[in-house]
Amino acid sequence: MLDKTKPDWWKSAVFYQIYPKSFQDTDGDGVGDLRGILSHLDYLAKLGVDGIWLSPVYASPQADNGYDISDYQAINSDFGTMEDMEELIAQARARGISIIMDLVLNHTSDEHRWFQEACKSRENSYHDYYVWRDGAPDMPPNDMKAAFGGSAWTYVPALGQYYFHQFAVKQPDLNWDNPAVRRELYQMIRFWMDKGIEGFRLDVIDQIAKDPDRKITANGPRLHEFLQELSRETFQRRPGLVTVGEAWGANVERARLYSNQDGSELSMVFQFEQMGLDQQPGGEKWDLAPLPLVRLKESFAHWQQGLYGQGWNSLFLDNHDLPRIVSRWGDDGKWRVRSAKMLATMLHGMQGTPYIYQGEELGMTNIRLPIEQYVDIEIHGMYAERIARGDNPADVMASIYAKGRDNARTPMQWSDGENAGFTTGTPWLPVNPNYREINAAAALADPDSVFYYYQKLIRLRKEHPIFREGDFELVDAKSEQIFAYLRRTENETLLVACNFTGETVPFVWPEGFGEAALLISNCGEPENGTLRPYEAFMLLGRR
């Protein structure tokens with residue numbers, strides 16, 4: 001168990017993301033809840049994770065699955081009560097597991113009390129909590145588009161003004177230029193810190209300093225000023241509190257500021273450079289393209305080397321907004337188990353803090369549904385737009401099958417029983433039909449499962465300082481089949497080798513690994529000279 005009295009304990013930690021709506025339902029309403037999470041804490045302790053990143057459980061009308069908050073200091077009744085939340089914090093801590101809450105500070109729900117007041121008049125004290133501009137009913141302030149489709153401006157006739165929303169109509173953006181907004185948010189964060197929360201994931205945090213008049217959303221001019229004030233007023237009051245910001249617009253230079261070792265802003269950021277590689281240049285995520293492995297390696301190397309000694313990486317392949325990685329970059333058919341382990345090996349050998357998304361440790365896969373069975377607002381917005389412009393419906397559905405967010409949101413597969421053991425009712429989103437073969441009960445009964453492979457990777461990161469401290473160098477950077485790299489400290493060198501194909505390929509180990517210790521392998525003893533289909537291993541040698 002990690003010593004969490006150390007301020008940077010999270011550098012040796014592994015976190016597990018839970019999407020509560022899809023994790024475990026205990027009351028038969030088809031929606032996961034806090035008591036469902038409580039019922040599986042021993043499972044997570046067995047896996048070995050050090051913290052749970054909990055996607056939003058606040059009061060919300062659920063227009064965007066909880067990322068539209070109507071009361072930051074209340075628990076959504078679908079998930080349970082504040083007493084359930086307090087018990088979860090306490091029971092998790094008793095197992096050495098910290099709770100990391102999701103914070104949405106860029107916007108609220110339009111059903112939040114602040115916005116309801118803001119719409120009453122321009123003179124209302126809450127009006128300036130949001131971003132407003134004058135305009136006529138048929139003439140918005142500019143042509144900015146919302147991330148989920150349509151205009152980023154919505155007209156309120158009673159005020160003769162438009163409010164700005166980067167996402168859904170029901171998610172009005174907060175005005176961070178107003179000090180009163182910031183004070184309210186800081187007070188709310190301290191409320192949760194007092195409850196025993198040990199960290200926060202900050203949703204689209206690089207967009208809080210937006211300037212819609214200049215069409216600036218991410219990385220606005222006051223962003224780092226705001227983040228430093230936020231940190232001073234909240235996070236820095238508790239040494240060891242971990243913070244990770246979602247920053248789609250981050251590059252290495254900005255990430256050094258976010259995760260500067262002086263602790264003035266955040267512990268680390270989620271950046272998405274690698275996640276944009278398997279799409280057409282200049283296109284959207286729906287415009288599919290094969291994964292360019294050479295560019296993937298270059299990107300990871302850029303971040304590993306760029307933040308080494310100057311910041312800190314977060315490491316992830318899956319989350320609630322991304323498709324299942326084994327379907328995306330692996331082989332979810334014949335080689336599902338082996339390729340899932342390969343991808344985990346590739347990621348967990350790097351410097352940074354890994355995040356495992358629920359079901360990733362089982363090798364869960366994407367799902368294919370008819371359009372009417374999808375729930376996600378983004379999927380339906382994209383489908384309507386592309387059909388309206390004349391795209392082939394089959395092509396649009398192929399994009400949804402590959403990249404739709406509901407791929408990650410299908411219920412957790414606990415057993416081969418009814419509804420995968422997720423609920424006794426009707427699940428809010430269909431269960432993947434392959435749950436009879438892919439489920440936690442089967443994984444726990446199989447010593448060679450993906451679950452136990454993740455368990456070993458987590459243990460290795462705690463046992464060997466090289467995972468935390470070693471530098472990074474690619475091996476055979478131009479190979480279009482193999483992702484291999486070295487991690488080095490003064491006394492040791494770690495070799496991580498991964499075959500991204502379903503074919504046997506040649507691979508000669510770098511000099512000095514003939515007598516190295518095998519830390520982990522996904523298909524038995526490795527052979528110097530070849531890599532079998534989707535083979536991966538780690539060797540640790542002395543320098």
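Predicted model: local features only at pLDDT ≥ 70, side-chain atom pairs only at ≥ 80, totals over all residues.

User: Is Ser521 buried or exposed?

Analyst: The cut-off for buried is under 20% relative accessible area. Ser521 has a relative accessible area of 18%, so Ser521 counts as buried.

User: Which backbone oxygen lies 2.5 Å from a polar atom of the Ser521 side chain?

Analyst: Two backbone atoms are worth a look here. The backbone nitrogen of Cys523 lies 3.3 Å from a polar atom of that side chain. The oxygen at 2.5 Å from a polar atom of the Ser521 side chain belongs to Gly524.

User: Now the sheet: which strands are its edges?

Analyst: The sheet is open, and its five strands run in the order β14-β15-β16-β20-β18 with antiparallel pairing. An edge strand here pairs on one side only, which picks out β14 (471-475) and β18 (517-521).

User: What is the bridge partner of Val475 in β15?

Analyst: β14 and β15 (residues 482-488) are joined by five bridges in the antiparallel sense. Within β15, the partner of Val475 is Ala484.

User: Which helix packs on the sheet and touches β18 and β20?

Analyst: Helix α8 (residues 293-307) packs on the sheet by touching β14 and β15. The helix touching β18 and β20 (536-542) spans residues 450-463, and its direction makes about 140 degrees with that of β18. That helix is α15.

Technical notes
Residues numbered from 1 in each chain as written. Heavy atoms only, no water. Pairing = 2+ DSSP bridges. Helix = DSSP H or I, 4+ residues; strand = E, 2+ residues; numbered from the N terminus. Contact = heavy atoms within 4.5 Å. Axes fitted to C-alpha atoms, helices over the stretch in contact; angles between N-to-C directions. Buried < 20%, exposed > 50% of the residue type's maximum accessible area, 1.4 Å probe, protein only. Polar contact = N/O pair within 3.5 Å; in protein donor to acceptor, adjacent residues only side chain to side chain.
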